[in-house]
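Me: I would like to learn how to read a model like this one, feature by feature. Could we start with a backbone angle and work outwards?

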Amino acid sequence: MNFDPNSYRYNSRRTAVYGQRGMVCTSQPLAAQAGLKILQEGGNAFDAAVATAACLPVVEPTSNGLGSDAFALIWSKGKLYGLNSSGVAPMAISIAKMKERGHEAMPKRGWDPVMVPGAVAGWAAINQRFGRLPLSQVVEPAAWYAENGYPLSPTVARFWKNGVNLFTAMEGEQFKPWREYFTINGHAPQAGQIFRCPDMAKTLRSIGKTNGESYYRGELMEKIVAFSKKTGGWLQEDDFAKWDPEWVTPISTEYKGYTVSEIPPNGHGITVLMALNILKGLELPENRESAEAYHKMIEALKLAFVDAKAYVSDPRTMTTKVADMLSEEYAASRRALITDTAIDPKPGTPFSGGTVYLCAADGEGNMISYIQSNYMGFGSGIVVPGTGISLQNRGADFSFDEKSDNALAPGKKCYHTIIPGFLSKDGEAVGPFGVMGGYMQPQGHMQVVVNTLDYAMNPQEALDAPRFQWTGGKHIQLEYECGQKIAQELKDRGHEVEILADRGSMGRGEIIWKTQHGTLVGGTESRCDGQIAVY
């Protein structure tokens with residue numbers, strides 16, 4: 001891979017970071033340091049990733065919690081593995097029952113969108129299959145921060161305030177614990193203010209001591225279910241006891257001589273691969289900061305995204321084959337729709353009949369791309385008393401259309417927005433990458449890949465580059481760094497352009513690449529508090 005580590009074409013306060021024995025990248029410095037500590041105690045990249053993942057609900061609860069879902073791509077001994085640790089809908093729920101409660105669509109908050117949380121089981125699965133240290137040791141840095149406290153970082157404090165504004169207005173007994181756990185005297189903690197949550201420490205140590213069993217078949221599960229039954233939730237004991245994470249085969253496509261890999265559905269990583277399949281048949285201009293480059297990337301992404309939204313769901317119920325969605329023939333048919341003007345995309349027919357991201361690597365060649373999320377910031381707003389477990393609201397993406405592949409049903413996975421990415425070449429690992437942020441994620445993935453492979457950017461530069469986001473129809477959002485000239489030329493092509501002064505909605509990414517010298521080089525997100533901890 002050819003790039004200049006001293007080149008920074010975009011405003012950045014950061015440079016690419018090099019290391020040899022290990023590297024951890026994530027959106028919160030204390031979490032990155034937790035992973036580094038575990039590396040220094042003799043752990044490998046997978047131990048470091050789990051330590052970081054366990055720490056993030058404590059130090060960045062605005063984006064994830066101890067009730068999150070998770071996905072991972074794991075490189076070990078020359079092979080890439082996929083882990084789908086997203087939960088399922090409770091067996092007691094149904095579209096009919098939801099309509100009886102007066103809902104015409106899935107609610108975003110409260111118990112109704114809560115599914116079985118998968119992240120904790122994911123930690124245990126990674127630790128048991130690939131880790132070197134006991135889980136109790138791996139989660140201890142997170143437990144220490146929860147028990148002793150830590151000062152809030154600036155970006156976390158800003159999003160925390162948004163959460164307090166939302167959940168202090170929520171009525172109902174189920175929301176009272178959220179206010180008790182995540183406000184200080186009824187207010188949001190400020191940047192630099194110390195936040196403690198001793199109950200999270202107890203929960204983390206219980207998870208570590210039992211290898212996650214207490215969460216699914218023990219005392220923690222009992223507390224979750226008891227609060228569910230008391231305050232109108234759907235979760236019951238069997239929902240936890242009968243669920244386990246799944247090891248899956250990653251899906252991939254070839255782009256510019258490299259292999260780009262993602263987790264298969266129910267995640268929408270396939271959107272990235274479909275967009276790249278379309279884009280690789282188009283000629284991008286030499287100048288990335290041009291309306292032509294933006295237009296072609298936007299149009300390819302739009303066509304891929306509408307297909308993913310139409311067809312991605314629980315793979316057990318999908319009527320569309322992944323192979324058909326990724327076929328060269330289908331990519332060509334979608335590519336033919338792209339002209340010099342913006343289109344309002346519609347799904348094709350490919351069939352023939354709030355999130356945190358982290359990555360870690362070590363000197364032994366192990367690498368992991370990992371993501372976990374509550375969704376929509378703090379998630380459902382449900383926090384289980386006595387535990388500090390903040391539950392996700394992933395079920396908000398289910399449909400009430402019974403003909404949809406993504407229709408709500410008991411025991412079913414829903415369309416999922418969180419995706420880890422991985423890059424390799426000729427069967428050798430290049431490294432993990434990811435961009436968190438809801439529906440921005442596949443858009444961020446595609447832009448990072450293009451920045452890296454088409455425009456030879458180093459990992460920090462690839463993350464610093466101005467981003468766009470398609471939000472539907474012909475509407476796009478541009479960061480103000482894109483400039484008025486590009487914005488006007490895109491308007492002339494028929495795009496409806498909105499320029500954003502706040503970069504916070506454009507996702508937060510991390511990258512680690514293995515260099516030709518066998519060392520590691522990383523980039524971290526300049527749009528947040530991210531850090532690279534290097535060993």
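This is a predicted model: local features need pLDDT of at least 70, side-chain atom pairs count only at pLDDT 80 or more; totals for chains, interfaces and linings use all residues.

Me: What is the phi of Asn-185, and is the residue buried or exposed?

Reply: Its phi is near 55°, a positive value in a residue other than glycine. Asn-185 has 74% relative accessibility, and it counts as exposed because the cut-off for that class is over 50%.

Me: Where is Asn-211, and what is its phi?

Reply: Asn-211 is in the loop between α9 and α10 (213–217). Its phi is also a positive value, near 55°, and it too is a residue other than glycine. With a relative accessible area of 34%, Asn-211 is partly exposed.

Me: Which residue just after α6 takes a positive phi?

Reply: That is Gly-149, with a phi of about 95°.

Me: How should I read the burial pattern of a helix?

Reply: An α-helix has 3.6 residues a turn, so residues three or four places apart point the same way. In α6 (residues 140–148), the buried residues are Pro-141, Ala-142, Ala-143, Tyr-145 and Ala-146.

Me: What covers the buried residues of α6?

Reply: The cover includes helices α1 (29–40), α2 (45–59), α5 (135–138) and α9 (198–210), together with strands β5 (150–151) and β6 (194–195).

Me: How do I read a single buried residue in a strand?

Reply: Look at its accessibility, then at its contacts. Ser-85 lies in strand β4 (residues 79–85). Its relative accessibility is 1%, so Ser-85 counts as buried, the cut-off being under 20%.

Me: Which residues does Ser-85 touch, not counting residues up to four places away in sequence?

Reply: Ser-85 touches Asp-69, Ala-70, Phe-71, Gly-118, Ala-119, Ala-121, Gly-122, Trp-243 and Pro-245. For a distance in space, take Gly-208: Ser-85 and Gly-208 are 18 Å apart, C-alpha to C-alpha, and 123 residues apart in sequence.

Me: How is empty space found inside a model?

Reply: Rolling a probe the size of a water molecule over the atoms shows where empty space is left. Here the largest cavity holds about 40 Å³. Its lining is made of Met-274, Ile-278, Leu-303, Ala-304, Asp-307, Met-325, Tyr-330, Ala-331 and Arg-334. At least two lining residues come from each of α13 (270–279), α14 (291–311) and α16 (328–335). By class, seven are nonpolar, none is polar and two are charged.

Me: What is the volume of the second largest pocket, and which residues are closest to its centre?

Reply: The second largest pocket has a volume of about 500 Å³. Of the 27 residues that line it, Trp-513, Lys-514, Thr-515, Gln-516 and His-517 are the closest to its centre. Strands β15 (428–436), β19 (508–514) and β20 (520–524) are the elements that give two or more residues to this lining, and β15 has the largest share, three residues. The lining divides into twelve nonpolar, nine polar and six charged residues.

Me: How do I judge the overall build?

Reply: Start with the elements: the protein has 19 helices and 21 strands. Its radius of gyration is 22 Å, close to the 24 Å that the globule rule gives for 535 residues, so the protein is as compact as a globular protein of that length. Along the principal axes, the C-alpha atoms fill a box of roughly 60 × 55 × 40 Å.

Me: What share of the residues is buried, and what is the accessible surface?

Reply: Buried residues make up 64% of the 535. The accessible surface comes to about 19000 Å², and 48% of that belongs to carbon and sulfur atoms.

Note on methods. Residues are numbered from 1 along each chain as its sequence is written. Side-chain values use heavy atoms; hydrogens and water are left out. Buried means under 20% relative accessible area, exposed over 50%, partly exposed in between (1.4 Å probe, protein chains only). Helices (H or I, at least four residues) and strands (E, at least two) are DSSP runs, numbered from the N terminus. Contact means heavy atoms within 4.5 Å. On a 1 Å grid over the protein atoms alone, a cavity is a set of points where a 1.4 Å probe fits but cannot get out, and a pocket is an open set with protein on both sides within 12 Å along at least five of seven lines; lining residues have an atom within 4 Å of a point. Grid points are joined across faces, edges and corners, and a volume is the space filled by probe spheres set on the points. Ala, Val, Leu, Ile, Met, Phe, Trp, Tyr, Cys and Pro count as nonpolar, Asp, Glu, Lys and Arg as charged, and the others, Gly among them, as polar. The radius of gyration is taken over C-alpha atoms; the globule rule is 2.2 Å times the number of residues to the power 0.38. Accessible areas come from the Shrake-Rupley method with a 1.4 Å probe; for residues, only the protein chains shown count as cover.
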